[in-house]
Amino acid sequence: MGRRILNDALRSMVNAERRGKATVELKPISTVISSFLGIMKHRGYIKDFQVYDPHRVGRITVELQGRINDCKALTYRKDLKARDIEAYRLHTLPTHQWGYVVITTPDGVLDHEEAIKRNVGGQVLGYFH
């Protein structure tokens with residue numbers, strides 16, 4: 001169920017970007033969504049996000065920047081070893097220059113570059129470009 005919530009949130013962001021909106025409100029929320037958005041903010045794909053009332057259903061308001069072309073969450077579990085991350089990225093993302101695969105690891109939720117740098121594998125959450 002958690003991956004379904006993440007996928008719905010990411011699809012809402014893509015649809016708002018395509019409509020030219022400046023902000024989008026996501027609910028329900030989870031800590032995985034917050035971690036995913038933190039990576040997107042760090043990589044410059046969104047401006048900022050605010051979490052409201054995280055102890056109940058809560059909501060997240062995301063300020064969009066217009067850089068998201070596509071953003072998806074995998075609804076099935078895909079385990080990756082550290083040595084297989086680069087091959088998976090080349091297979092999944094449409095181009096070599098931009099885009100990130102997000103992986104949940106024992107070190108937390110990381111993008112593929114950070115996971116390769118730390119030499120750690122995990123489960124693929126999704127990707128954005």
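Which residue forms a salt bridge with Arg43? Glu113 does, and the closest N and O atoms are 3.3 Å apart. The points below put that pair in context.

1. Basis. This is a predicted model, in which local features need pLDDT of at least 70, side-chain atom pairs count only at pLDDT 80 or more, and totals for chains, interfaces and linings use all residues. Residues are numbered from 1 along each chain as its sequence is written, and side-chain values use heavy atoms, with hydrogens and water left out.

2. The sheet. Three strands form an open, antiparallel sheet in the order E1-E3-E2. Helices (H or I, at least four residues) and strands (E, at least two) are DSSP runs, numbered from the N terminus. Two strands pair if DSSP finds at least two bridges between them. E1 (23-26) and E2 (46-52) are the edge strands; each has a single partner strand, so one side of each lacks a neighbour in the sheet. Neighbouring strands are turned by 15° against each other on average, direction ignored. Axes are lines fitted to C-alpha atoms, for helices over the stretch in contact, and angles run from 0 to 180 degrees between N-to-C directions.

3. Strand pairing. E2 and E3 (residues 59-64) pair in the antiparallel sense over six bridges. Phe49 has Val62 in E3 as its bridge partner.

4. Helices on the sheet. Helix H1 (residues 2-19) packs on the sheet and touches E1, E2 and E3. Contact means heavy atoms within 4.5 Å. The direction of H1 makes about 160° with that of E1. Helix H2 (residues 31-42) also lies across E1, E2 and E3, running at about 155° to E2.

5. Salt bridges around Glu25. The structure holds 11 salt bridges (a side-chain nitrogen of Lys or Arg within 4 Å of a carboxyl oxygen of Asp or Glu). Glu25 forms one with Lys27, at 3.8 Å between the closest N and O atoms. Glu25 forms another with Arg59, at 3.2 Å. Glu25 lies in E1 and Arg59 in E3, so this pair ties together parts that are 34 residues apart in sequence. Lys27 is exposed at 56% relative accessible area. Glu25 is partly exposed at 43%, and so is Arg59 at 32%. Buried means under 20% relative accessible area, exposed over 50%, partly exposed in between (1.4 Å probe, protein chains only).

6. Back to Arg43. Arg43 sits in the loop between H2 and E2, and Glu113 in helix H4 (residues 112-118), so the pair ties together parts that are 70 residues apart in sequence. Arg43 is partly exposed at 22%. Glu113 is partly exposed at 37%.

7. A network. Salt bridges link Asp107, Glu114, Lys117 and Arg118.
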